[in-house]
Amino acid sequence: QVQLVESGGDSVQAGGSLRLSCVASEDIYSSACMAWFRQAPGKEREGVAGIWSGGGSTYYSDSAEGRFTISTDSAKHMIYLQMNNLKSEDSAMYYCAAVKSDRVPCIITFTRGIPKGAFHYWGQGTQVTVSS
């Protein structure tokens, strides 16, 4: 059974940093498109950052570019989202998402942005609250 479990959410002051973690079960991590999404109350779920589980190129939304970094640790079946210079508008529930995929189809997926409809598996989320 595919499992994605997020952690690392917290309440921080604007300008601060957080690192979110997502551990994935081996059956999905071995070859998958993986991404971080977020959803604030009353808003659509939006893609923030994406990566293929085997590493390589990374993809970011305009709001995340330059402040957030997505990375993988294959030994631990983990993906991370390092978030720096946090703003109040970054407050949201953050979700880890995955879909089984080889590298090239994953790259093609991310040429369309970080589309939530492409992802089949979702974690329960971790809350990030940024106060100004």
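## Strand β5 and its neighbours

In strand β6, Tyr60 (Y60) is the bridge partner of A49, a contact that belongs to the antiparallel pairing of β5 with β6 (residues 58–60), which runs over three bridges. This description rests on a predicted model. The two strands form a hairpin with five residues between them, and in its turn G55 has a positive phi of about 90 degrees.

Strand β5 itself (residues 46–52) is mostly covered, since six of its seven residues are buried.

## Aromatic contacts

A search of the whole structure finds four aromatic pairs. One of them joins Y59 and F110, whose rings are stacked at 4.7 Å centre to centre with 25 degrees between the planes; this pair links distant parts of the chain, with Y59 in strand β6 and F110 in helix α2 (residues 103–110), 51 residues apart. Both Y59 and F110 are buried, and together with F37, F119 and W122 they form one aromatic cluster.

## Charges over rings

Two arginines are placed over tyrosine rings. The charged end of R19 sits over the ring of Y80, 4.1 Å from its centre, while R45 lies over the face of Y95, at 3.7 Å from the ring centre.

Conventions. Residues are numbered from 1 along each chain as its sequence is written. This is a predicted model: local features need pLDDT of at least 70, side-chain atom pairs count only at pLDDT 80 or more; totals for chains, interfaces and linings use all residues. Side-chain values use heavy atoms; hydrogens and water are left out. Buried means under 20% relative accessible area, exposed over 50%, partly exposed in between (1.4 Å probe, protein chains only). Helices (H or I, at least four residues) and strands (E, at least two) are DSSP runs, numbered from the N terminus. Two strands pair if DSSP finds at least two bridges between them. Rings of Phe, Tyr and Trp (its six-membered ring) pair if their centres lie within 6.5 Å; planes under 30 degrees apart count as stacked, over 60 as edge-to-face and the rest as tilted. A charge sits over a ring if NZ of Lys or CZ of Arg is within 6 Å of the ring centre and within 35 degrees of the ring normal.
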